[in-house]
Amino acid sequence: VSAINSLSDAGMYFFDYGNAFLLEARRSGAHVSKKGDEANANAFRYPSYVQDIMGDIFSLGFGPFRWVCTSGRTEDLEKTDRLAQEVLEKIVAGGVPKEIEQQYSDNIKWIREAGKHQMVVGSQARILYSDQKGRMALAMRFNQAIAQGDIQGTIVISRDHHDVSGTDSPFRETSNVYDGSAFTADMAVQNCIGDSFRGATWVALHNGGGVGWGEVVNGGFGLVLDGSIEQGRKAESMLGWDVSNGVARRAWSGNGNADSTIRRAMDEDPRLRITLPNRVVSKSLLENLF
């Protein structure tokens with residue numbers, strides 16, 4: 001840590017990946033607390049990469065969406081890659097807001113080239129960063145392909161717990177939540193339980209993922225697509241909740257990206273109603289209350 005501090009003072013950029021490096025360093029007596037804010041439990045000299053990079057991407061509704069072809073056939077995974085590319089390109093052709101153009105462009109490039117990188121080890125699985133609209137469209141297209149016999153077997157859709165709404169941790173996923181609620185686990189718990197009500201095949205609520213036991217709560221799901229109308233309906237309902245739950249949570253904490261994203265989601269789906277936050281413009285208003 002002393003070496004990091006010295007190099008940083010000389011101009012090196014450093015950030016905590018989110019595996020609680022700074023937390024454990026401070027517990028060991030290293031000088032990593034934010035100067036002038038030493039009493040703040042999650043204020044560090046260096047940012048987590050969620051604060052500097054991923055937090056705003058999550059707030060746009062993008063995160064690691066996953067699927068597994070249970071047939072085990074390479075051909076089926078290749079078909080899903082092509083279908084995913086077509087789905088994303090169709091969304092872009094229909095028009096997307098400027099703030100998410102780059103996200104779509106990057107992920108179209110990724111899925112177009114994914115196969116040639118030979119990343120698959122074992123299960124025929126893929127991961128692709130996508131937002132709510134993209135995930136729902138992907139799931140529905142995959143389900144249609146199964147129904148038509150273009151893909152053998154079922155497809156399990158899921159996501160990383162390190163996603164828009166799957167995890168609460170003041171030392172990583174919610175480190176860019178500054179309204180005082182970063183230490184609550186409401187997002188992961190509501191996400192998990194809400195997914196179960198809306199049709200997930202299974203859900204999981206666990207502790208310790210990515211940051212360490214006692215420092216994080218994770219919520220996850222798996223949903224099996226079998227080509228049936230019923231499973232397609234469940235996927236559409238559940239994925240809408242799975243993403244919007246986290247975007248709304250981040251909007252309430254004051255994130256501008258999340259605010260515009262959840263407003264756009266409501267415009268696209270009249271059934272979605274989110275209580276929007278009221279901004280406190282004057283800091284002195286709060287200060288004078290106490």
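Me: Which residue stands opposite I155 in strand 6?
Reply: L225 stands opposite I155 there. Keep in mind that this is a predicted model.

Me: How many bridges pair strand 3 and strand 6, and in which sense?
Reply: Three bridges, in the antiparallel sense. Strand 3 also pairs with strand 1, residues 63–69, again antiparallel, over five bridges. In that pairing F65 has R159 of strand 3 as its bridge partner.

Me: Is strand 3 enclosed or open?
Reply: Largely enclosed by the rest of the structure, because five of the five residues in 155–159 are buried.

Me: Which residues of strand 3 point which way?
Reply: I155, I157 and R159 point one way, V156 and S158 the other, and all are buried. In a regular strand the side chains alternate between the two faces of the sheet.

Me: Back to strand 6. What else does strand 6 pair with?
Reply: Strand 5, residues 202–207, is joined to strand 6 by six bridges and runs antiparallel to it. Within that pairing H206 stands opposite N218. Strand 4, residues 167–168, pairs with strand 6 over two bridges, also antiparallel. There the bridge partner of D168 is V217.

Me: And how many of the residues of strand 6 are buried?
Reply: Seven of nine, which leaves the strand mostly covered. F221 lies in strand 6, and at 5% relative accessibility F221 counts as buried.

Me: What does F221 touch, leaving out residues up to four places away in sequence?
Reply: From strand 3, I157, S158 and R159.

Me: Switching to helix 8. Is Q231 buried or exposed?
Reply: Q231, which lies in helix 8, is buried, with a relative accessible area of 11%. Not counting residues up to four places away in sequence, Q231 touches N143, T201, L223, V224, L225 and D226. L225 is the residue that stands opposite I155.

Me: OK, pockets. What is the volume of the largest pocket?
Reply: About 760 Å³. The lining of the largest pocket has 35 residues, and Q132, M136, G240, S244 and D269 lie nearest the centre.

Me: Which helices supply at least two residues of that lining?
Reply: Helix 5, helix 6 (132–147), helix 8 (229–252) and helix 9 (256–268). Helix 8 gives the largest share, 11 residues.

Me: What's the lining of the largest pocket like by class?
Reply: It has 17 nonpolar, nine polar and nine charged residues.

Me: And the second largest pocket, how much space is in there?
Reply: About 350 Å³. The second largest pocket is lined by 23 residues, with N42, A43, Q51, S175 and Y178 nearest its centre. By class, that lining divides into 13 nonpolar, seven polar and three charged residues.

Me: Where does Q118 lie?
Reply: In the loop between helix 5 (98–113) and strand 2 (124–130). Q118 counts as exposed because its relative accessibility is 70%, and the cut-off for exposed is over 50%.

Me: Last topic, the whole chain. How many helices and strands does the protein have?
Reply: 10 helices and six strands. The radius of gyration is 20 Å, close to the 19 Å that the globule rule gives for 290 residues, so the protein is as compact as a globular protein of that length.

Me: What does the C-alpha trace span along its principal axes?
Reply: About 60 × 45 × 35 Å.

Me: What percentage of the 290 residues is buried?
Reply: Buried residues make up 47%. On the contact side, of those with a separation of 6 or more, 66% are between residues 24 or more positions apart.

Methods: Residues numbered from 1 in each chain as written. Predicted model: local features only at pLDDT ≥ 70, side-chain atom pairs only at ≥ 80, totals over all residues. Heavy atoms only, no water. Helix = DSSP H or I, 4+ residues; strand = E, 2+ residues; numbered from the N terminus. Buried < 20%, exposed > 50% of the residue type's maximum accessible area, 1.4 Å probe, protein only. 1 Å grid on protein atoms, 1.4 Å probe; cavity = no way out; pocket = protein on both sides within 12 Å on 5 of 7 lines; lining within 4 Å. Points joined across faces, edges and corners; volume = space filled by probe spheres on them. Nonpolar A, V, L, I, M, F, W, Y, C, P; charged D, E, K, R; others polar. Pairing = 2+ DSSP bridges. Rg over C-alpha atoms; globule rule 2.2 N^0.38 Å. Contact = heavy atoms within 4.5 Å.
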